[in-house]
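Colleague: Please put the model up, and then let us go through it by question and answer.

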Amino acid sequence: SLTPQVPEEAAPIAGDAQDDDSDSEGGPVTFGDFQDIGRRSPAPEDAADASGPPKPEQAAKAGRLADAARLAKQEEIDAWKATRRTSMAEAEAEREREAAAKRAAEARKAAAAKAKADKVAAWKAEKLLAKEAERRGKDEAAAAAKTDADADDGARAAAEDSKEAHVAVDVDAAGPRGVSVDGPLGRYPRRATGFARCFAVFWFYAKAPFALITYALRLGALRRRGYFELLALISAALIAAQSYVMVQCLELTCCLVGVPTITLSLLIVASGTCLPELIVALVVAKKGQATAAVSTALGSNIFDILIALGLPWALYASTEAPVHIHHAVELTCIMALSTVVFLLFSVTNNWTYTARHGLVLLFLYFLFNVYVVLDAIPAANVPGPSGI
C-alpha cells in the first residue's frame, strides 16, 4: 500500500526514461539523443500538468540534456569562431602577400626609374664634357690661328716697312723694258708680251694715282690692323672726290672738243660711277650669290633715282628755282624698256639667267651707246637727249 501508483499515461514515459538511462549508461549523451527525447517527451510543464511533479531522474536527465544542448551550441559557436578566425587570418595573409607584391613592384619601378635617371644624367654629363672639350679645342685653335695671323701681320708689316724704307732698283732691267721698282706703284710689268703687255702697262699707269693716294694715306697699314670701318669711310670719301674731279674734267673736255655734255655723261660718267657696283656684282656672282648681284644693281639704280636726283633737286629748288629737264622722254623710255626686258627674261625663265641672257643685255647696251653717239652727230638727225 505504500508503493506509489504510477498512472497508465505516465508508464510509457517512465519506461522510456529507464531505456534512456540504460542507454546513457552505455555512452555519452549526444545532441541527437536530446532531440529524440525532446520529440518524444513532452515539456516539463506539460508532464507536470499531466502527471504531477516530475521525478528526480527526469529532472536530472532534462538538466543533462540542457547542458548537452548548451555544450553542443557552444562547441558549434566555437567552431564557427575558429573557422572565422582562420578565414580572417587567411584573408589577412593574402592582403599581406598583395601588399608585399605591390611594395616589391614599386621598389622595382623606383629602381628602374632611378637607373634611367642615372643613365640620362650620365649621358648629359658626357655630352656636356664633350661640348666643353670641343669648345676648348675651338678656343685653342682660334687662339693659335690668331697668334699665327698676328705673327703673319707682323711679318708683313715689317716687310712693308723695310720695302718702304729701301727701294730696290734693278739697274740691269732699265731700258725699253722699264725699271723694276718695288715702290708705292708696285712692280712695273716686264715679262708680259703682246696685247697682255699693253694692257698691263695701261693698268700700271691707270692705277698710279690710286696707288699714290693709298701710299700717302697709309691705307695698307690700316687694312693690316683691321680698321675696316675707317677704310670704308675713306673709300667713300675718295670715290666722292674722284667723282667730282671726273665731272670737272668732263665739262672741260666737252668745252674743248665741242661735244654735248649729256653725251659724255651717258657714255663715260654713267659707266664710271657704276664701276663700284660692277666690281661688287662680279665678286658676288663669282661666289654664286646671284641674288646679291641683282640686288646691288637694282639698289644702285633706286638710290641714283631717288637720292642722287631727289636730294640735289630738293636743295636747288628750295634755294634757286624749280628744275626743268629737257629731252628726258627718250631716256625715260629707254630706261623703262631695259627694265621691261629684264623682267621678261626673269619671268619667262623662272628667274634663271644664262650666258645668252648676259650677251643679249650687253648687246642692248652697245646699241644704247651707238644711239647716244648718233644723237651727238648733227648730220645723223637722230632725235635724242642732246637736242641737236
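Colleague: What span does helix α13 reach from its first C-alpha to its last?
Modeller: This is a predicted model. Helix α13 covers residues 329–348, which is 20 residues. At 1.5 Å a residue the expected span is 28 Å, and the span in the model is close to that, at 28 Å.

Colleague: How wide is the arc that the buried residues of α13 cover around the axis?
Modeller: The buried residues of α13 are Val341, Phe345 and Ser346. They lie on the same side of α13, because the arc they cover around the axis is only 135 degrees.

Colleague: Which helix do the buried residues of α13 pack against?
Modeller: The face of α13 turned away from the buried side carries exposed residues, namely Val329, Val347 and Thr348. The buried residues of α13 pack against residues 355–376, which is helix α14.

Colleague: How are the rings of phenylalanine 342 and tyrosine 353 arranged?
Modeller: A search of the whole structure finds two aromatic pairs. In the pair of phenylalanine 342 and tyrosine 353, the ring centres are 5.9 Å apart. Planes under 30 degrees apart count as stacked. The planes here are at 10 degrees, so the pair is stacked.

Colleague: How many residues apart in sequence are the parts that this pair ties together?
Modeller: Phenylalanine 342 lies in helix α13, whereas tyrosine 353 lies in the loop between α13 and α14. The pair therefore ties together parts whose separation in sequence is eleven residues.

Colleague: Is phenylalanine 368 buried or exposed?
Modeller: Phenylalanine 368 forms a tilted aromatic pair with tyrosine 365, at 6.2 Å centre to centre and 35 degrees between the planes. Both lie in helix α14, three residues apart, about one turn of the helix. Tyrosine 365 is partly exposed, with a relative accessible area of 39%. Buried means under 20%, and phenylalanine 368, at 17% relative accessibility, therefore counts as buried.

How values were computed
Residues are numbered from 1 along each chain as its sequence is written. This is a predicted model: local features need pLDDT of at least 70, side-chain atom pairs count only at pLDDT 80 or more; totals for chains, interfaces and linings use all residues. Side-chain values use heavy atoms; hydrogens and water are left out. Helices (H or I, at least four residues) and strands (E, at least two) are DSSP runs, numbered from the N terminus. The expected span of a helix is 1.5 Å times one less than its number of residues. Buried means under 20% relative accessible area, exposed over 50%, partly exposed in between (1.4 Å probe, protein chains only). The arc is that of the directions from the helix axis to the C-beta atoms. Contact means heavy atoms within 4.5 Å. Rings of Phe, Tyr and Trp (its six-membered ring) pair if their centres lie within 6.5 Å; planes under 30 degrees apart count as stacked, over 60 as edge-to-face and the rest as tilted.
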